[in-house]
Amino acid sequence: MNVIEIKDLVKIYNSSEVKVKAVNGITIDFEEGEFTAVVGPSGSGKTTFLNMLGGLDRPTSGSVKIGGTNVWELSSRKLIDFRMNNIGFVFQSYNLIPVLTAGENVEFIMHLQGKPKKEREKRTKELLESVGIGDRIKSRPAKLSGGQQQRVAVARALASKPEFILADEPTANLDSKATSGLLELMSEMNRKHNTTFIFATHDQRVMDKARRIVTIEDGKILKDERFER
Amino acid sequence: MKDNFKIAWRNLWRNSRRTLITAASIFFGVFFAVFMSSLQQGSFENMVDNMVRFYSGYIQIQETDFKEKRSVNNSFKVDNALETSISNNMHITHSTQRIESFALTGSESKSIPAMLFGINPEKEEAISGLSKWIGEGEFIASGSKDILIGKVLAENLKVHVDDSLVLIGQGYHGVSAAGIYRIAGLLDFPLPDLSKQIIYMGIRNCQEFLSMPNLITSYVIMVNAPEEVSGAVTDLHKDLSKELKVYPWDELQPELVNLIEGKVASGKVVKALLFMVIGFGVWATIIMMMHERRRELGVMIAIGLQKFRVVIMIVIEAFFIGLIGILSGIAGSSLLVWYFVKNPIIVTGEMAETYRSMGFEPILKFSANIDIFITPAIIVFVIFALISLYQIYYVIKLRTVTALRGLN
Ligand SMILES: Nc1ncnc2c1ncn2[C@@H]1O[C@H](COP(=O)(O)OP(=O)(O)O)[C@@H](O)[C@H]1O
Ligand SMILES: [Mg+2]
């Protein structure tokens, strides 16, 4: 079943003197349970593509349908709620609210969703345990390593029970040990819970884990390959 | 909502030094403004109290035309209705009748124009403590035929206690008035202007002198506290006959009111400048704070926090800073004000002489009027309300993607 349907997506930046065609006509679908790496050299348009897909950056033209909803037809307030309920985000850095503990960061989004306290606390504990840092529930982000912070970010992204998780270069700031740990974690989540992951990366180790690799260059899809792993 | 407060409160202490410096600047502003207003207000209250006691009273009843033309022809008779109205008025503590007029005084050497007051000595004493100014001789009693004159006037006339003084004046409806009176005492007023031209005599004596039996020019009234003036005036007004008018002290002493208003205005300018500097300082801090957290705010909005919630969070944080500043400022200044209200500053040396020569006690009094504290608190509140408008604008304009990319 297709979770995401993208059609003729274009993004042109006019802000500088020259027009930049960051994304130049992308049409692609993503299915439930896929583990996809969007790869390509720096500046090829990966971030721009993911941002439009995630309801963060408005396309110049084209459409993004998530679970049948054309997200760019929503009002900006509805769009924010849509993101909260349907998409989990893991960014490269600064993912967490620094003044909240790991547990509070995870709980935060469930709080926004209006989940009852009991459920929130139970799920937070489970999620942090499943990402391997159940013992750091009371630590603030500054007290955690980069890898641990990204794990909390994954747990938070999962907390709202989203349709899929978007991760923009989640391992870019991590050392190799932390990188393989995080990758192991995400692919386990994918296999165990059928969670759909889409990430942008130019990290070879990430690509090695991916079961689908979409290669972008100059804002266009160059290759779309699937692997049995 | 509880989350908003929690996050705002914790954010406050992320850069605790900056928060404290910002709160300290507000503390300083509130503290200074309260202290300044307290001193100013205190000295005004003291000034008004002095002037009102000594001269005008808080309220005066006069014949309608007396204010325009200070002539004994514009005098009036006190009837029972007026007496009843005054004695039944809850606000009024003291009242006394007066005649205000002019007379020419003469001795062998020269003649000098003077202000002549017909007074009830006992009642006047109760209001202003007139007898404390007696430098030589004795105070007069009701029914006395003697007079009191200013010390400088006596010097100019080269007369002494027990000497007789000739007074010539114009009585009621042009009747000529003349008399010889014994000087019972000399009044050593600190105000030279007063001392050189004032004469007091008993009111009956004065009515006789000016051929105006039972008539007076002014009924001087004191109330419990300045705040009760308007209430008393309203009550009196109801019972008053048409040819009489009732004046509160500020209408009787417009120069004093002008002086106070001028000083209040310049005080306001100083305080406005102070709060403007502080306001811009706080604003700059808030700009810095929000700018540093751009990416963080971007992440929050990205993961599903509505912008209005983001606004609430950062506005609460700013108001916390304001609140710390206001509360500590009021706490600190009220301690100081309380101390100075209990222990007014005694002015010494040359300044003290200046005060005395203007007819004031050489004392700096402070006021603890609640407005002194409320006004700066409101000003700080308004500053933060304006800053919160900026915060709202900032968040509305914040573009999630650019914030996430760490761009402007
Ligand atoms: N806000 C922007 N204004 C102008 N150009 C932009 C903006 N954001 C990205 N770009 C440009 O769009 C292109 C694609 O950028 P990006 O999506 O970040 O690529 P990637 O994530 O693959 O490195 C780049 O040429 C980049 O300079
Ligand atoms: Mg990128």
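**A walk through the two-chain model**

Leaving aside its neighbours within four places in sequence, B:Thr96 is in contact with B:Asn120, B:Lys123, B:Glu124, B:Ile127, B:Ser218, B:Tyr219 and B:Val220, where contact means heavy atoms within 4.5 Å. This is a predicted model, in which local features need pLDDT of at least 70 and side-chain atom pairs count only at pLDDT 80 or more, while totals for chains, interfaces and linings use all residues. Residues are numbered from 1 along each chain as its sequence is written, chains are lettered from A and ligands numbered from 1 in the order in which they are written, and side-chain values use heavy atoms, with hydrogens and water left out.

B:Thr96 belongs to strand β3 (residues 92-106) of chain B; helices (H or I, at least four residues) and strands (E, at least two) are DSSP runs, numbered from the N terminus. B:Thr96 is buried, with a relative accessible area of 1%, on a scale where buried means under 20%, exposed over 50% and partly exposed in between (1.4 Å probe, protein chains only).

Turning to the helices of chain B, α1 (residues 2-12) packs against α12 (residues 307-342) at an angle of about 55°, with their axes 8 Å apart. The contact is made by residues that include B:Phe5, B:Ile7 and B:Trp9 of α1(B) and B:Ile312, B:Met313 and B:Phe320 of α12(B), and its residues divide into 11 nonpolar, two polar and two charged. Here Ala, Val, Leu, Ile, Met, Phe, Trp, Tyr, Cys and Pro count as nonpolar, Asp, Glu, Lys and Arg as charged, and the others, Gly among them, as polar. Helix α2 (residues 16-56) of chain B also packs with α12(B), at an angle of about 35° and with the axes 7 Å apart; this contact has 14 nonpolar, nine polar and no charged residues.

Two loop residues of chain B deserve a look at their backbone. B:Asp162, in the loop between α5 (151-157) and β7 (164-170), has a positive phi of about 80° although it is not a glycine. B:Ser211, in the loop between α7 (203-209) and β10 (215-216), has a phi near 55°, again a positive value in a residue other than glycine, and B:Ser211 is partly exposed, with a relative accessible area of 31%. Most residues other than glycine have a negative phi.

Between the chains, the contact takes 28 residues from chain A and 24 residues from chain B.

Notes:
Axes are lines fitted to C-alpha atoms, for helices over the stretch in contact, and angles run from 0 to 180 degrees between N-to-C directions.
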